[in-house]
Amino acid sequence: MMNLNEKLHSLDEQGKPIKIGLVGAGQMGKGMVSQISRMKGIYTAAIADINGERAVDAYVASGIPSSEIIKASNLIQIDDAIKSGKPVVTEDASLIANAELVDVVIDATGIPEAGAALALQSITNKKHIVMLSVETDITIGPILKKLADSAGIVYTGSAGDEPGAIKELYDFADALGFEIIVAGKGKNNPLDREATPETLSEQAKKNNMNPKMLTCFVDGTKTMVEMTAVANAVGFIPDCRGMHGPKAEVDELPKIFSLKEQGGILNRKGVVDFANGVAPGVFVVVTTDLETIHEELRYLKMGDGPNYVFYRPYHLCSIETPLSAVRAYIYNEPTIVPLGRPKAETVAVAKRDLRAGEYLDGIGGFTVYGIIEEYEVAKTSGFLPIGLVNDKTRVKTDIKKGEIITYNMVEIDNESPVVQLRKLQEKIVG
């Protein structure tokens, strides 16, 4: 991220700002528009949301009078507004991906189906695409990256989201030549696998959150999804199904996340995990085989070794997302992407007893939660990726609460763009 500020100041001085097309004006999108309004060399050229007034509100919250905002329903109107420098909103996300002057598309929908379609359209139109939907990335990220590479543009996850923040720490430690034992994040919601939007409705209202979003945090799915993204981006695996997830303070992480023969909990190095008690931070635990480096780290108050933690005590979610757009546009580099064939998978588990004939409802709902597993194990076992579950997924046989759902237990929605891209991914990537 070094020198991006100088690059942005230069673009601003030249009068050539990066033009962002944002899809999704919910909590994350709205905050992003306001943050971009205070940055140099970049601006939000257009916003799409199925609720047009929400898109207008996002601009207004950033200081733009509603009287200056253009409402568009076709591509000509979008392009004309951008050419004239007017902020423009639409309810049609495809117009953002097709707009001639948009440089980078940002998906802030949080919906895998919408994210998949938007990413594909953006790549087809040779526009960099920044995905906030980690759920989409862990399901079809490898094929989207491959398609983006072929088109000569950047497909990337977002800075500020926990996977992106972890990847920055990983890159730092890896560049310095440290051996990285574990890459991880904190979790601050008490784990409740039975949580539903109904049981969390009051808490969601109090926190001004979507109940489904809060549910996927509390039932653990979000943590599993995020660490799957990290695993696929750095080549690590979970040490065990679901990861360990110990309770820990920051200074305890190097000891806890060490091998069992060293008094820790790990069976092997090179794994992803999480810890209760260090949220909202992210971390990597590292070591070295050089005594001189151990001496230096002890001198620098990094602990007694042999393991050390590099910890970032915050991640700023969508506030940092514009930096991924800038990095893609200026350097043609992603923040975080899958390496290729996945290393981990988040698979669907029955949240309650399920009966043949009923339909599932997906992430953050009443019927399933996600748990991380090694990709090869999940593939061999026929486990169903949670990113393929939607409200058209029909149960074919009774499934017990806590049972991992397999492909042969359900009928998946073959018309879904996510399912179609996943099938293509498995043919090409494996």
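Which residues in H1 meet which residues in H14? In this predicted model, local features need pLDDT of at least 70 and side-chain atom pairs count only at pLDDT 80 or more, while totals for chains, interfaces and linings use all residues. Residues are numbered from 1 along each chain as its sequence is written, and side-chain values use heavy atoms, with hydrogens and water left out.

On the H1 side, Leu4, Lys7, Leu8 and Leu11 meet Leu323, Val326, Tyr329, Ile330 and Tyr331 of H14, where contact means heavy atoms within 4.5 Å. By class, this contact of H1 with H14 has eight nonpolar residues, no polar ones and one charged residue; Ala, Val, Leu, Ile, Met, Phe, Trp, Tyr, Cys and Pro count as nonpolar, Asp, Glu, Lys and Arg as charged, and the others, Gly among them, as polar. Helix H1 spans residues 4–14 and helix H14 residues 321–331, and they pack at an angle of about 75° with their axes 11 Å apart. The two helices are therefore roughly perpendicular to each other, a label given to angles of 65 to 115 degrees.

Strand E5 (residues 104–107) pairs with E6 in the parallel sense over four bridges, and strands count as paired if DSSP finds at least two bridges between them. Valine 105 has isoleucine 129 of E6 as its bridge partner, and isoleucine 129 also stands opposite tyrosine 155 in E7. Three bridges join E6 to strand E7 (residues 155–157), and these strands run parallel. The chain crosses from E6 through helix H7 (residues 134–151) to E7 in a right-handed β-α-β crossover, while E5, helix H6 (residues 112–124) and E6 also make a right-handed β-α-β unit; right-handed means that, with the strands pointing away from the viewer, the path from the first strand over the helix to the second runs clockwise.

In a regular strand the side chains alternate between the two faces of the sheet. In E6 (residues 128–131) both faces are covered, with His128 and Val130 on one side and Ile129 and Met131 on the other all buried, that is, under 20% relative accessible area with a 1.4 Å probe, protein chains only.

Elsewhere, five strands form an open sheet of mixed pairing in the order E9-E10-E8-E11-E12. Its edge strands are E9 (237–238) and E12 (308–312), each pairing on one side only. Strand E11 (residues 282–287) and E12 run antiparallel and are joined by five bridges, with valine 285 opposite valine 309 in E12.

Methods: Axes are lines fitted to C-alpha atoms, for helices over the stretch in contact, and angles run from 0 to 180 degrees between N-to-C directions. Angles under 35 degrees count as roughly parallel, over 145 as roughly antiparallel, 65 to 115 as roughly perpendicular and the rest as oblique. Buried means under 20% relative accessible area, exposed over 50%, partly exposed in between (1.4 Å probe, protein chains only).
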